[in-house]
Amino acid sequence: MSDATMDASLNGPEPTQLKTADGLPLKAALAKSQLRAKRRAFLLVAPLFLFVLITFVVPIGQMLLQSVYNDGFSKNAPALGQWFNEHPLGSPIDESAYTALASDLKQMKENRTQGEAGTRINYDVAGTRSLFTSTARKIERLEPPWKEAILGVNEDWSDPNLWRAMRSASSPYTVDFYLAATDHTRDKDNNIVPVDPQRAIYGKLFIRTAILSLVITVLCMFLAFPIAHLLASLPLAKSNLLMIFVLLPFWTSLLVRTTSWMVLLQQQGVINDLLVWSGLIGNDNRLEMMYNQTGTIVAMTHILLPFMVLPLYSVMRTIPPSYVRAARSLGATSWTAFRRIYLPQTLPGIGAGALLVFILSVGYYITPALVGGADGQLISNMIAFHMQKSLNWSLAAALASMLLGGVIILYWLYDRLVGIDNMKLG
């Protein structure tokens, strides 16, 4: 007997390869089936993925880019950009610099872009937009030497801070808008310095936004807890009926709810009239509850209250009442049973509701704009102002990016301390 025959007899017959009914190997058929299932699942998810990508990821990416990119000056002043590249910071502003400036002003006038370039520098040095437009109108009538001619039009061109701003803006990429968003700027030597205290507004707005959002969140929590407890304790039919009143604000326009609070809170409004009629206050001592932080807190607490009720209700509904009864039967007081048995089980709902209300509060701007006045406005109102009025989109993007960063940090802290898996949103 040969060695091959002996090996075959020892190892036994080769295993039979399993096949499907159509003759394909079973392993290949299973792999093909799994690939088909993955492809089908991907096609089902693809529309949602594209929707999130187009409406969420791309806008956020554009916002982040806009906060560090602004080519309003750099693309319209190539000669100055080249001069700044060839001359380091601290070089004297000589005739060659004014020659480059004159060349760019002529090109700006021809392309009608002097306003765009001046607006970009105006973000850093106030009043320079009119400087660019007025000089560009007269540039065709000027002759060398350019330094003397341009300074003859306006002496402001000799300001070292102006040339520092143009040097900084000669590159489309900059972090200056983040400096402005943190109440800082650059001096004539390009050093980062705080702005004048009277112009430092963004830091105060961020602090005010955080404080008011925290106050609104705490008020919503204390108001929503007994409401959610009542809804969870009642029979399902009655709780569903009362839930309609909780959800009713969702079916009413935000503008309608805000203007309703304006009618109630103003000095000649319903609340003040009732207080005067009851004799609690005099007609000359009406309460000021509008166009201040009080109006913002009251209106936003009412608007955001359902976002706290629903997570709490979803958690409380799942807590068996027998737990508290068992604690009472073992001698615990009502307060002890609530504090040690019931309250810890509601923490996922409290955390989820607090996180939701706080995040919504920091981004609200319609309600503070209508009822808050100057004292009750938040950082979101300043973002809207720069987007709609001043058209400083880069600064608005920088402020929004910082606000987004704060929300992400808050979300990360919640995940570390509580755990995002424990979040109950209803």
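What follows is a short chat about how some labels on this predicted model are reached.

User: Before we start, what are the ground rules here?
Analyst: It's a predicted model, where local features need pLDDT of at least 70, side-chain atom pairs count only at pLDDT 80 or more, and totals for chains, interfaces and linings use all residues. Residues are numbered from 1 along each chain as its sequence is written, and side-chain values use heavy atoms, with hydrogens and water left out.

User: Why is Ser168 called buried?
Analyst: Buried means under 20% relative accessible area, exposed over 50%, and partly exposed in between (1.4 Å probe, protein chains only). Ser168 comes in at 15%, so it counts as buried.

User: Where does Ser168 sit, and what does it touch?
Analyst: Ser168 is part of helix H8, residues 160-169. Helices are DSSP runs (H or I, at least four residues), strands likewise (E, at least two), numbered from the N terminus. Leaving aside residues up to four places away in sequence, Ser168 touches Thr174 and Asp176; contact means heavy atoms within 4.5 Å.

User: What makes Leu44 buried or exposed?
Analyst: Leu44 has 66% relative accessibility, so exposed is the label. Leu44 belongs to helix H2, residues 26-66.

User: How do you know which residues are marked "transmembrane region"?
Analyst: That comes from UniProt, in an unreviewed entry, which lists 41-65, 205-228, 240-264, 297-315, 349-371 and 391-414. UniProt positions are given in the numbering used here, feature names are shortened, and annotations may be inferred rather than shown by experiment.

User: What does the model show over 349-371?
Analyst: Residues 349-371 are 91% helix and 0% strand, with end C-alpha atoms 30 Å apart. For residues 240-264, the figures are 76% helix, 0% strand and 29 Å.

User: How many helices and strands are there overall, and why is the protein called more spread out than a compact globule?
Analyst: There are 19 helices and 2 strands. The radius of gyration is 33 Å, well over the 22 Å that the globule rule gives for 426 residues, so the protein is more spread out than a compact globule. That radius is taken over C-alpha atoms, and the rule is 2.2 Å times the number of residues to the power 0.38. The C-alpha atoms fill a box of roughly 110 × 95 × 35 Å along the principal axes.

User: How much of the protein counts as buried?
Analyst: Of its 426 residues, 36% do.
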